[in-house]
Amino acid sequence: MGKQPNLYAFDDVSALAQTLRTYVIQCQNAGFERHGLFKVAVSGGSLPATLAKALLEPSQAGSEDMVDFAKWEIFFADERAVPLDHADSNYKLLKDELLDKIPNGAGQPNVHPIDLKYLDDVQEMADQYQESLMQSFAAKDSVKLPIFDLLLLGCGPDGHTCSLFPNHELLREADAWVAPIEDSPKPPAKRITLSLPVVTHGIKIAFVATGAGKKDILKQIFDTEEGRSLPCGLVNEGGADKVSWFTDNGAVEGVGFPRRGSL
């Protein structure tokens, strides 16, 4: 058996957020050492609120516990083809929950939203978003895939992550860094998403999944053969021990997969 993902379970979201903060700062500092920046991809859903709880706390341990947002470069793991002020926009969600609450003096990250010129053409939107990745990660002909320092992802009740849905043809996309989807089973139908190879190529990959509503799908992902073919299961398989799951006890009730005690 190959290397396994790391599963962490906490009593509540506050305890989860404390450890998530430590983990993200470790990833940040490793990114700074590698290339002076922290290149991160972020999903929507409940993740931005948990991320805000983790990152907006005052520093407890001096320079070892500092979030230096000015050196962050934030991309979206997926985005909906809607205006940036629309309720379905992942950019709006991150802006409302985290970006607008970053205190003065903490620095502002470099955030890459979608280009609104292409709301009616998601293929072109995906191509343009891939272009912005290329500008950051070097030309596509010189690197096969971008390497994010960290991808922060959620897990849907059907096992989807980013806008990669179970049994969808996009799961087989091998060349594009960013792919369009026009038939998302979850509205809105038109979106763009990072492809599975980009996700599993990250240096670190973190899932945040909380609440009893997640326990059935997490049991499937971690404890069953069928769960391995779900998008989250494919990330577990492709990312192996680069993958860490941050959950609360309610989300992993009945899950047999072993938990890790600490980072």
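Colleague: How many aromatic pairs does the structure hold?

Modeller: The structure holds twelve aromatic pairs. Rings of Phe, Tyr and Trp (its six-membered ring) pair if their centres lie within 6.5 Å; planes under 30 degrees apart count as stacked, over 60 as edge-to-face and the rest as tilted. This is a predicted model, in which local features need pLDDT of at least 70 and side-chain atom pairs count only at pLDDT 80 or more, while totals for chains, interfaces and linings use all residues. Residues are numbered from 1 along each chain as its sequence is written, and side-chain values use heavy atoms, with hydrogens and water left out.

Colleague: What makes Phe75 and Phe137 a pair?

Modeller: Their centres lie 6.0 Å apart, within 6.5 Å, so the rings pair. With 40 degrees between the planes, this pair is tilted.

Colleague: Why is Phe75 called buried?

Modeller: Buried means under 20% relative accessible area (1.4 Å probe, protein chains only), with exposed over 50% and partly exposed in between. Phe75 has 0% relative accessibility, so it counts as buried. Phe137 has 11%, and therefore also counts as buried.

Colleague: How do you know that Lys39 sits over the ring of Phe137?

Modeller: A charge sits over a ring if NZ of Lys or CZ of Arg is within 6 Å of the ring centre and within 35 degrees of the ring normal. Lys39 lies over the face of Phe137, at 4.7 Å from the ring centre.
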